[in-house]
Amino acid sequence: MNCDLLATCSALGYLEGDTYHKEAECLESVKDLIRYLRHEDDTRDVRQQLGAGQIVQNDLLPIIVQHGQDKVLFDACIRLMVNLTQPAMLCFGKVPDDPVFRHHFLEVTAHLQACKEAFASEAVFGILSETLYTLLQLDWEQRQEEDNLLIERILLLVRNVLHVPADPFEEKKVDDDASIHDRLLWAIHMSGFDDLVKFLASAQSEQQWSMHVLEIISLMFRDQTPEALVSAGQARSAEEKNRDGLELEALRQKEHAAKRSRTFQRGTRHSRFGGSYVVQGLKAIGDNDVIYHRNIHNFKNHTHDSGKAVRRVPKRYRQAQECKDKRRSALNVRLFLREFCVDFLENCYNRLMYLVKESLSREQTQQHDETYYLWALSFFMAFNRGNGFRADLVSETMSIRAFHYIERNITNYYEMLLTDRKEATSWSRRMHLALKAYQELLLTVNEMDRSQDESIRQSSSVIKSNIFYLMEYREIFVTLLRKYDETKQPHSYLVDLVESTHLFMRMLERFCKGRNNLMVQKKKVRRRKSQGKKKPPAPDTSPEALVESWKIVEEELKALGFQLSESLTEGILPFDATSETPLEDQRTEAMVRVQDALLVRTGPEALGMLRAAREVWPEGDVFGSADVDPEEELELLKQILYANLPRTSPPEPVAEEYEEDAAELEEEEMESIQVSEKTFDFLDFIKRFAQPTIVRPYLLLLKTYSKNTPHTNHCIARMLHRLAVDLKMDAQLFQLSVFNLFNKILSDPAAAAYRELVTFAKFVLNRFFSLAEKNNKAYVELLFWKNVGAVREMTEGYSKEGEEKRPTWTEEEEEELRNLFEEHRDSEVLDVVETLLPLLSNSNRTRRQVVTQLVHMGLAASAKELKKQKKGTRIVLWTEEQEEELQMLHEEYKDSDDVLGDILKKLTAKRSRARVVDKLLSMGLVSDRREVYKKRSRGAPGKSSGKSSGKRMTEEDFLDELTQGFPDDPVDRDDEDESEESEEDEEQDRETSQNRGRTSQSLNPSVERRPDVGNMVNTLQQEGMSAPLLWLQNRLIKTAEDREEDGLSQPVPIVPLNEENEDAMEKKSFQKLLIKLGLRAPENEQETFWRIPAKISVSQLRSAAAALSPREEEPTGGEEQDGSRSPARESEKEDEMEKEKEKDKKGVSGEQRAEALKALLLKRKRKHQTSEQTDFTPAEDTESTPERSQENTSTKRSKHRVLDGDSDDDDDDDDEKENDSTTAMDIETNGDADSDKEDISAPVKRRRKMVLSDDEEDED
């Protein structure tokens, strides 16, 4: 022991006989020990030294027993003992994996077990009970803060002592013998501490201690079972005697069978040699027969595996370990605990469970405290069932809310079981606990059905109708059975799951028998893409349809007497006040609306629209004069109906309102849950269990039939009987491993004890052999698990439905298809198949049939070549001009109220909102999506008001006036593209977008990029490793966030979860990047994955993640940003704007406006080119400029392919890459005819030629 600790412990006092003599510095020494514990290291050295010195047993406990009247000293000793008895799991956080820390963990646990034995004293709990009783006698007005702290510390001390696990090597006790835990419980009972616990659970004024009380109670009953406590002190029932008799009979039969086997193995004459035999028909390793060198009586146990080394099962494939077995305590302890349960149920259960549930709902408890609630629910409700069931004692937890709470916890535990793999064992135990609680609720409802009280039976019927109606409660057992994993969930969990499923099925079957039409809820999740508003079908404008429409409208208007209702006249507005089109130019649109109303045969609306338009545009009598009579209005409507009016193109999607929520911008897929009702059929519900993934857990449990209880074997046999007999799907059990298990059951000496299993096995085998006579492939089918389709084919015959359904093509049709395909294959149509479909003589042919036939005829290599081209794929990559335009627009509108809306209005190449936001994030112009969303505040100073105030017109206003009245040409948008993409492409696109959003938000903008990593990242991107780089970046950011939140650093493995990332981790170039970032390779054979070392700080992780971001292209050859313009250029720009403004005031035509807009854009481009040639590009760097531009262009091209989330399929990647690169090069170089003859500097020369030609056109 440390010298300071030894001196401090010596200053406490000494024990002489049974009397403890404290020293004068006893109180200060206790405080010093508390201070030492506060500063102990990770190995808990102070705690280990004090435990080795037995400070609790020899000093602290005698002090509180003999010197309890010293309140300050007593309080300090309690405080110190609470710290010293803290569970080892809390001290170390978890069971350490390191051998050194594991040794320290076991040392601390051993010292705690020694302390627990010292606490098993009536004197110790007597003083604790007396002190706690005195404190509880105080009213709330008299109780001080120190008193509440002391009450809590006493409860925590008792909780810690009860939590200490038993030592299996020291306590080798049998059932009905008193263990240390039993002695501790007896001391609690004799001191009256258990009565204080019940008072705390029932008193209204002490509800703040509810969680502590529930923990203490759960630890008191840790080794007990409700059945053992119910039967304590009572004679065995007839059922128990019968069950024990069956077990003894099975053991006796096995013993007799073993004795007979040994008798048969003995020869009639003793021989010291076993003999050697040649086994004909059984080949050895070579071509010779096996030579058997043992006694011939043991030949039936011969196997080739004998003598081989047993292969070690990997840890991840081992079966989950069971929890420790329950033991039966001493009789006096069980009787005391039984009385405690009875009193607790009558006086405390409902109130305590209500308080705990409220605390859990408000999240006022610690993590995983709901496990105590689930244990108490299952334990005390089971005890109540066995002890003369009374429904009023457990009314608090007998409700639909309890079912919902447990079902939600089961779902949450399963999700955590999959995600938190390091703590999978812990989550599995919690899931088992929740399943036990759910099972107990079902058993209690079943018990209520058999009650003599009519009101209780009525309540049971209400609960059952609810849980059978809702889909979540019906499908929970199907889901749990399908998701069962023996490597994570123990065997006892499977037993409870199978028994709970059997109980639920039996209750549901009984519930359905008395009802002919049972209605249940059905939920269906529909995933659809947000396509916006669908276009209404175009009305029929044929002459016959127009005549019919006018006849209906005329009759309707004459019937009304040309009188319209007030609601109709007030609600009609003939113009669009929000449109950018001037009011005078909307007359044609108003007339089109009148025509549309006539085409859909709504005469009153058309007449109202006509009269409203007459009031707005009275000049010219276009809509009739002011004093027009009804007959003239009728004639005017007829002329409008038959007129050929000019119709504008439909509005672009980007011109809509931009005030949608952020979720609508980012989500490309919308989920809608459709809730409906259907008539419940019990057989249809059983079909849900006819799946190999559900049958396998039952057969896995059947393998341990000899260890299962008779009830468990009955549950297994009943479910298999439902599938094989009720559904007539016995062929699903025709599997070799199942037959091997049946053979084991039939040859078991104690088979008489498993009569139900034997009968079922014989039935299945008979059905198989009768089928094998008809189906000669039945023996081959034994090797495979079969679904419903395979079962039907095996029993009813193997159909050739695929060949029968294949459409036939005549020779004339094939010749027609060949000619049409040859004619259109070299045309410039986007989709050849869509072009061929209307030209075929047989109009019933589908696209799939045509594609299949083209491949069959050899006209196409595969269906991938004829895949339907999706809209919008031509606008994927961003060219340099488009990036510069986007950056310029962001600089102009970054202070606007609607940044994204203004940018989309002025963007030349129309794109979806999500694409523009992603591009702004990738270019680093914004760090968060919310920066570009529309601000809710109106009248922000960021908006331009040059027109209204009469000030100098800005460039934005000038461009706005130039483009006013000229709608953009229809362009295929990415929104339309999204409406035709497949679900897989959409989910991948959405995941990439979300990952990119998280990456952009997580990166600190102040972190500088590491230049040494940039070249390596660039090279890997060109090799097609952009996705692994993005995955690695997300892992680094996630680790940085975890370390920043927890304050702890430990090595984190980098586990690739798909083949692409796994292949990247195996490449040398990618591993070099990992080493450059400071990551550590696997050190030995026990490590498989690379790791992020614990020594890397949070800032270093963020810097490494920033270095992996797609690198922005540096300005090459003297390109300058808009923000770096000189004052001279700004003045030139203002002069140009003034000239354009004057020109616009004079009133130019539409063609002149378009020319002016083109000239302005070209002048901007010329400024960039001029500055590129004069200010920044040296003469000697002219030759290197094209090389850098080509390198950056290729880098940018690969970067955009990752960041823009291209929706092309994998099979079209090669063609798309070639087309995209060609398109990008054509845009950059303006596509000269002699481009293939130019040298490598041709792009720069072409740009210069383009600028010069634009200047000449300007001068002209």
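Here are a few friendly notes on this predicted model, point by point.

1. **A positive patch.** On the surface, R102, R312, K315 and R318 come together as a patch of positive charge. R312 counts as exposed because its relative accessible area is 65%, and exposed means over 50%.

2. **A nonpolar patch.** L736, V780, L783 and F784 make up a nonpolar surface patch, and together they have about 390 Å² of accessible area. One of them, L736, belongs to helix α32 (residues 736-746). With a relative accessibility of 45%, L736 is classed as partly exposed.

3. **Cysteines.** You will find zero disulfides in the structure. As a reminder, a disulfide is a covalent bond that links the sulfur atoms of two cysteines.

4. **Backbone at Q54.** Most residues other than glycine have a negative phi, so two places deserve a note here. Q54, not a glycine, has a positive phi of about 50°. Its place is the loop between α3 (45-52) and α4 (55-66), and Q54 is partly exposed, at 38% relative accessible area.

5. **Backbone at K728.** K728 is not a glycine either, yet its phi is positive, at about 55°. This residue lies in the loop between α31 (710-726) and α32. K728 counts as exposed, with 65% relative accessibility.

Methods: Residues are numbered from 1 along each chain as its sequence is written. This is a predicted model: local features need pLDDT of at least 70, side-chain atom pairs count only at pLDDT 80 or more; totals for chains, interfaces and linings use all residues. Side-chain values use heavy atoms; hydrogens and water are left out. Patches are made of residues with over 30% relative accessible area and no salt bridge: like charges are joined within 9 Å, nonpolar side chains (Val, Leu, Ile, Met, Phe, Trp, Tyr) within 5 Å. Accessible areas come from the Shrake-Rupley method with a 1.4 Å probe; for residues, only the protein chains shown count as cover. A salt bridge is a side-chain nitrogen of Lys or Arg within 4 Å of a carboxyl oxygen of Asp or Glu. Lys and Arg count as positive and Asp and Glu as negative; His and the chain ends are not counted. The place of a charge is taken as NZ of Lys, CZ of Arg, CG of Asp or CD of Glu. Buried means under 20% relative accessible area, exposed over 50%, partly exposed in between (1.4 Å probe, protein chains only). A disulfide is a pair of cysteine sulfur atoms within 2.5 Å. Helices (H or I, at least four residues) and strands (E, at least two) are DSSP runs, numbered from the N terminus.
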